[in-house]
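Reader: Hey, I have a structure open and I'm a bit lost. Can you walk me through it?

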Amino acid sequence: MTDAKQVDILLVEDNPNDAELAIRALRKNKLANNLVHVKDGEEALDFIFAKGQYAGRNINDRPKLVLLDLKLPKVDGLEVLRAVKSDPRTSLTPIVVLTTSKEENDVIESYKLGANSYIVKPVDFDKFVEAVRELGYYWLLLNEHL
Amino acid sequence: MRIRFLLAISKYVSIAMILLILAILVHSSTAISRLNTDLVLAGEIRINLAELIIVRDEFYIRREGRAWRQLMAKSDLLANRLKQAVGAFSGTEDQEILGEMINIEMQMRSLFQKIIDIDDGQNSPGAESNKADEYGEMLFSQLLIKSYLLHDDARRLEEKRFRDLALLRNRSNWSLTLAMGLVVIIILVNGVLIDRMLSRGINRLKAGASRIGAGELGYRLSTDSNDEISELAEEINRMAEELMKTLTSMDELEREISRRQEAEGKFRNLNAELEDRIAIRTLQLESSNKELEAFAYSVAHDLRAPLRSIDGFANIIQTDYARVLDMEGLRLFGVIRSSTLKLDKLIGDLLEVARIGKTDLVFTQVDMLVLATDVFHACVEAEALVDFDFIVGNLPSVMADAGMVSRIWTNLLSNAVKYSIPCPVHRIEVEGREVDGMNVYSVRDYGVGFDQRYVDKLFGLFQRLHGTEEFKGSGVGLSIVKKITERHGGTVRAEGRLGEGATFYFTLPARSQE
């Protein structure tokens, strides 16, 4: 079952409501088939670097897309971003940052650290679904054979 | 008594005494010369008498005519001299002696005559020669006595002259000595007096001057002695007074200077205090600013997360559970969702206001004509159904933050459009000009306008003059305009009339392109 190991999307989101809405938005766009949801930065790093509870994972089985919230417990989003993008084994993993407002310094900082794109989490759920669809298709299709 | 008077006394007394001495000298010398003449006369009389005695003796021996003539001549000479002496000698004693002498001389003359007569009788015939000789002898002896008497008188006269002379000399010597002594005494006494007055006065002056000199400017010398020292003392007093006046004004100057220095010191202290307070306030402000930023951040993140959930799950209910809800239930979920979005909009506006105060301005040359026109078209696009007259006058370009100025235009023009739509005139006028170094821009519309009484509320945060039913908006737009103009160093104001439209003016400093 190599397919079972194949993870399309790693969602890093601590807020369960936001996570549920994001998963729902992805599912509406039929993108949530192989999705793993982790709840903090440490778990995200464990997953990506195949250590801790994910020690059995192959580090080379990179997720096709990481949706990364910036405000996370333990290790925050920017640190996760830095760790992933500065390691040659993982640096090619596309990371889309989830942010509350597009005009924050976080966005600029994220781009500096190598984020591939960002999604502003709008209050309007319809708009969120729209944004997720556009970015999800783009990155998943683009990176299918990476 | 005045010193000058004493000095004058000395001078005049000296002159008087010198004149007196001169007079004494002149007087005594004339007296002496007269006495000398008298003495010479007396001496001549005596010599004359001696010659007469010699001639008499010759006559007595020879009894001849030549001797007789000589005798008579000498006798005449003597008589003349005696007459002369009577005129010259003034003393009573002298006159008595002279009278006696003249008398004796006349007796002698008569004795001579008698002797001549006897001799003439002997020479004639018949005369007794012995008798005549005896008589003649007797006459001669008388003559001898008389001549000795006369000689004695002449000597007395001469001696008296000598005595007079000695007396005169003595007297003139005494008076000279007396006069000299008097002069010396007067000058000495005067000198002592002057010396005493001067030395006392000078001591007084010296003491007073040194007291004044030592700084006791209120001290005054006494001036009641009525002399030159007092006059000098008065002068010194006047000088001291002048000095005091000068010093007083200098004192005042110094006091003024110290007063000013004190004031300056106070002023400096106050300034320092003020600066300290400003520093403290600045610190307080900075900390409260940071708190505000933290608050804004938490508003942005933490308040929005539950909003997202509310909207998201309401949406899920609306879509996934539409079958189990009736129309009213669905509508109510719609109200929840629209309220959520409104709240989200408010939070966004609030964040924008906060950001305007926080972000650094980036100055560039902004072409206001292009910017205003672009913004206007964007605003009208949102209201695609309505036609607007957009009249743009002269709009001077300005050095400003382009993004922020764009927000000013957006807010003002979208307001103008929004409040004009229900009115018949759809016309917006934009113009600008430079006044006193400030660019003044205005946006005029002919919309619903506002009551000028509430103009102060216009620019307040979340302040609205119209109900939300009537016009959409959060009441943040104009406060954003105000904040942006103020950050640029400009101002904003509005004029309006209910039902007749409104004009908004904003100013930006007309900075050069350096």
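Reader: Which residues of α7(B) are buried?

Author: The buried ones are Met368(B), Leu371(B), Ala372(B), Val375(B), Phe376(B) and Cys379(B). A residue is buried if 20 or more other C-beta atoms lie within 10 Å of its own, exposed if 12 or fewer, and partly exposed in between, with C-beta atoms placed from the backbone. Helices (H or I, at least four residues) and strands (E, at least two) are DSSP runs, numbered from the N terminus.

Reader: Where do they sit around the axis of α7(B)?

Author: Looking down the axis of α7(B), the buried residues fall within an arc of 130 degrees, so they line one face of the helix. That arc is taken from the directions from the helix axis to the C-beta atoms. An α-helix has 3.6 residues a turn, so residues three or four places apart point the same way.

Reader: And what's on the face turned away from the buried side of α7(B)?

Author: That face carries the exposed residues Val370(B), His377(B) and Glu381(B).

Reader: What do the buried residues of α7(B) pack against?

Author: They pack against several elements of chain B, including β1 (363-366), β2 (389-392) and α8 (402-420). For contacts, the rule is that the C-beta atoms of two residues, placed from the backbone, lie within 7 Å.

Reader: Before I go on, is this thing predicted or experimental?

Author: This is a predicted model, in which local features need pLDDT of at least 70 and side-chain atom pairs count only at pLDDT 80 or more, while totals for chains, interfaces and linings use all residues. Residues are numbered from 1 along each chain as its sequence is written, and chains are lettered from A and ligands numbered from 1 in the order in which they are written.

Reader: OK, chain A now. How many helices and strands does chain A have?

Author: Chain A has six helices and five strands. Along the sequence they follow the pattern α-β-α-β-α-β-α-β-α-β-α.

Reader: What do the five strands of chain A form?

Author: They form an open sheet in the order β2-β1-β3-β4-β5, with parallel pairing. β2 and β5 (117-120) of chain A stand at the edges with a single partner strand each, so one side of each has no neighbour in the sheet. From one strand to the next, the twist averages 20 degrees. Two strands count as paired if DSSP finds at least two bridges between them.

Reader: Over how many bridges do β1(A) and β2(A) pair?

Author: They pair over four bridges, in the parallel sense. As an example to click on, Val12(A) stands opposite Val38(A) in β2(A).

Reader: Which strands does α3(A) lie across?

Author: α3(A) lies across β1 and β2 of chain A and runs at about 140 degrees to β2(A). α4(A) lies across β1, β3 and β4 (95-99) of chain A, at about 150 degrees to β3(A). The axes here are lines fitted to C-alpha atoms, for helices over the stretch in contact, and angles run from 0 to 180 degrees between N-to-C directions.

Reader: Is α3(A) mostly covered or mostly open?

Author: Mostly covered, as six of its eight residues are buried. Among them are Leu45(A), Phe47(A) and Ile48(A). The buried residues of α3(A) pack against β1 (9-12), β2 and α4 (77-86) of chain A.

Reader: What follows α3(A)?

Author: Ala50(A) does, with a positive phi near 50 degrees. Most residues other than glycine have a negative phi. Ala50(A) lies in the loop between α3 (41-48) and β3 (65-69) of chain A, and it counts as partly exposed because it has 16 C-beta neighbours inside 10 Å.

Reader: Where is Lys30(A) found?

Author: Lys30(A) is in the loop between α2 (16-28) and β2 (35-38) of chain A. Its phi is also positive, near 55 degrees. Lys30(A) counts as exposed because it has 10 C-beta neighbours inside 10 Å.

Reader: Switching topic: how many residues of chain B are in contact with chain A?

Author: 16 residues of chain B are in contact with 14 residues of chain A. On the chain B side, α5(B) gives the most, with 11 residues. The residues of that side divide into six nonpolar, five polar and five charged. Here Ala, Val, Leu, Ile, Met, Phe, Trp, Tyr, Cys and Pro count as nonpolar, Asp, Glu, Lys and Arg as charged, and the others, Gly among them, as polar.
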